Amino acid sequence: MTNNTYLSKNGLAKNGLAKNGPQGVTNASLATKTDSHFDRKGLVQITLLGLLFLLPVAAYFLGHTYYVNLASRMTIIAMAAVGLNLAIGYGGMVSFGHAAYFGLGGYVAGISAYHAFDVTPFMTWPISIPGSDSLLVVWLAAAVLCGLLALAIGAISLRTTGVYFIMITLAFAQMIYYFANSWPTYGGEDGLPIYIRNTLPLVDSSNALTYFLICFTGLILAMAITSRLMKSRFGAALTMARLNDVRLATAGISPYPIRLVAFVISAAITGLAGALYADLNGFVSPTMLSWHFSGELMVIVILGGVGRLYGPLAGAVLFVMMETFLGGVTQYWQLFLGLVLLGVVLFAKHGVMGWLAGRERNE
């Protein structure tokens with residue numbers, strides 16, 4: 001009797017069974033599965049970030065600068081997709097015009113470097129604005145201008161939903177594309193070469209590894225901002241605006257300003273990625289503004305996992321690797337990309353991250 005009493009009080013109670021009965025067994029099982037899920041997800045995320053960081057560093061010291069620049073390209077495109085994922089995955093705003101912000105960020109970097117190289121002002125009236133080769137100035141200008149453009153576009157397009165929203169964002173992006181295409185001062189359809197690399201205090205941005213570390217830091221910050229936003233009350237409101245905007249409005253919160261703010265932040269992140277991309281290539285052209293790039297960003301988000309924090313990173317790595325290595329073998333590499341995308345849509349609707357790390361608790 002004494003032993004049985006001891007077991008009932010200490011053994012079963014310790015496992016939460018004596019107090020809750022069968023419910024305790026269920027709760028313990030769910031807790032074990034949850035811990036296992038987080039261990040698996042955390043391992044996948046750390047591995048993905050670790051490989052993206054360590055492989056370019058190793059390639060640099062082995063003398064393979066090409067792979068360092070390739071990793072920089074992956075990182076920048078992943079950052080642009082992080083911005084789009086904030087709009088699509090978390091906000092439910094299927095934008096088909098994010099190339100406008102990516103391209104605008106690129107043109108900010110290109111035009112600023114162009115005037116800094118020629119030592120001529122960008123404009124003289126009503127105030128004089130000189131060119132600059134400072135990355136901090138370029139990033140600030142790119143974020144502000146892309147945010148203002150998104151504020152204007154979002155103020156109009158967010159009054160619609162569904163396919164109308166998609167078409168309005170596409171229409172605005174195409175207008176900006178054709179404007180850049182017909183702007184001869186900055187190269188028109190031929191694009192604008194960047195003869196000097198924009199600089200950052202105390203670091204050599206012309207070094208391939210240093211520039212990769214700058215891009216990697218930008219990606220980490222973009223993901224950290226997204227994560228912090230989605231864990232805040234703003235993120236909860238944005239999620240509810242996506243799931244049930246009527247219920248959100250009933251709670252006394254208007255969905256429109258919540259979506260608009262998320263749309264502006266999304267555009268600013270994508271614009272910063274565009275500025276980094278232009279500096280990496282030393283060239284900016286209207287193709288950065290094309291709807292084709294908007295489609296590529298959407299494919300990347302879907303491949304990695306819509307609404308997954310690390311989804312854009314996984315999708316960008318997969319996309320760039322297929323484009324680079326399969327594209328070197330055949331010009332029809334998009335056929336294989338289409339097959340992979342079809343497989344993801346049919347059999348792994350939560351993307352590569354969902355397949356590797358498992359489903360989220362709210363899915």
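1. The accessible surface of the protein chain comes to about 18600 Å², and 67% of this belongs to carbon and sulfur atoms; areas are from the Shrake-Rupley method with a 1.4 Å probe, and for residues only the protein chains shown count as cover. The model is a predicted one, in which local features need pLDDT of at least 70 and side-chain atom pairs count only at pLDDT 80 or more, whereas totals for chains, interfaces and linings use all residues. Residues are numbered from 1 along each chain as its sequence is written, and side-chain values use heavy atoms, with hydrogens and water left out.

2. The protein chain holds 14 helices and four strands, where helices (H or I, at least four residues) and strands (E, at least two) are DSSP runs numbered from the N terminus. Of its 363 residues, 45% count as buried; buried means under 20% relative accessible area, exposed means over 50%, and partly exposed lies in between (1.4 Å probe, protein chains only). Among contacts between residues at least 6 apart in sequence, 77% join residues at least 24 apart, a contact being heavy atoms within 4.5 Å.

3. Helix 4 (residues 99-118) has 20 residues and should span 28 Å at 1.5 Å a residue, which agrees with the 28 Å between its end C-alpha atoms; the expected span is 1.5 Å times one less than the number of residues. Because 15 of the 20 residues of helix 4 are buried, this helix is largely enclosed by the rest of the structure.

4. Two backbone positions deserve a look in the viewer. Just after helix 4, V119 takes a positive phi of about 55 degrees; this residue is in the loop between helix 4 and strand 1 (121-123) and is exposed, with a relative accessible area of 72%. L202, which is not a glycine, also has a positive phi, of about 75 degrees, and is found in the loop between strand 3 (192-193) and helix 7 (208-230), where its relative accessible area of 90% makes it exposed. Most residues other than glycine have a negative phi.

5. Two salt bridges are counted, the rule being a side-chain nitrogen of Lys or Arg within 4 Å of a carboxyl oxygen of Asp or Glu. In one of them E323 pairs with R73, the closest N and O atoms being 2.8 Å apart. Since E323 lies in helix 12 (residues 311-326) and R73 in helix 3 (residues 65-90), the pair ties together parts that are 250 residues apart in sequence. E323 counts as partly exposed at 23% relative accessibility, whereas R73, at 17%, counts as buried.

6. R259 forms a salt bridge with D245, with the closest N and O atoms 3.7 Å apart. This pair ties together parts that are 14 residues apart in sequence, because R259 lies in helix 10 (residues 255-281) and D245 in helix 9 (residues 245-250). R259 is buried at a relative accessible area of 17%, while D245 is partly exposed at 31%.

7. L140, V144, L145, L148 and L151 make a nonpolar surface patch of about 450 Å²; patches are made of residues with over 30% relative accessible area and no salt bridge, like charges being joined within 9 Å and nonpolar side chains (Val, Leu, Ile, Met, Phe, Trp, Tyr) within 5 Å. L151 is in helix 5 (residues 135-157) and counts as partly exposed at 40% relative accessibility.

8. A search of the whole structure finds zero disulfides, a disulfide being a pair of cysteine sulfur atoms within 2.5 Å. C146 is buried with a relative accessible area of 0%, and C215 counts as buried at 1%.
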